[in-house]
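Hello,

Here is the structure we talked about handing over. My notes on it follow below the display.

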Amino acid sequence: MSIKVIITKQEMWDLGFEKFVIDGEEYVDKGPLLLDSTCDLAKAYYNLLEQKKREALRRREKKRVRKSK
């Protein structure tokens, strides 16, 4: 089983990733991104991923419960 987790650009910027603009479109500068797993940014990133994953699982479970009724 795999779960797709979407992290918004705003959440990435809030974590400290750089923002750049090309022709008025905002992008996240995340490469080359090598994070030491002990750095604060890496911890925040993985915590956010876990939070998003739990939310996705809850939504998925709610859908499953509604379908079974």
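**What was found**

The protein has two helices and two strands, and from the N terminus on these elements run α-β-β-α. Please keep in mind that this is a predicted model.

On the overall figures: the protein has 69 residues, of which 14% are buried. Its accessible surface comes to about 6000 Å², and carbon and sulfur atoms account for 51% of that. Of the contacts between residues at least 6 apart in sequence, 47% join residues at least 24 apart.

The largest nonpolar core has seven residues: I7, M12, W13, L15, F17, V28 and L48. Helix α1, residues 9-15, gives the most to this core, with three residues. As a general point, nonpolar side chains in soluble globular proteins tend to be buried together.

M12 is one of the core residues. Leaving aside neighbours within four places in sequence, M12 is in contact with I7, F17, V28, K30 and Y45.

Last, the surface. A nonpolar patch is formed there by F20, I22 and Y27, which together have about 260 Å² of accessible area. Y27 lies in strand β2, residues 25-29.

Regards

Note on methods. Residues are numbered from 1 along each chain as its sequence is written. This is a predicted model: local features need pLDDT of at least 70, side-chain atom pairs count only at pLDDT 80 or more; totals for chains, interfaces and linings use all residues. Side-chain values use heavy atoms; hydrogens and water are left out. A nonpolar core is a set of buried Ala, Val, Leu, Ile, Met, Phe, Trp, Tyr and Cys residues joined through side-chain atoms within 4.5 Å. Buried means under 20% relative accessible area, exposed over 50%, partly exposed in between (1.4 Å probe, protein chains only). Helices (H or I, at least four residues) and strands (E, at least two) are DSSP runs, numbered from the N terminus. Contact means heavy atoms within 4.5 Å. Accessible areas come from the Shrake-Rupley method with a 1.4 Å probe; for residues, only the protein chains shown count as cover. Patches are made of residues with over 30% relative accessible area and no salt bridge: like charges are joined within 9 Å, nonpolar side chains (Val, Leu, Ile, Met, Phe, Trp, Tyr) within 5 Å. A salt bridge is a side-chain nitrogen of Lys or Arg within 4 Å of a carboxyl oxygen of Asp or Glu.
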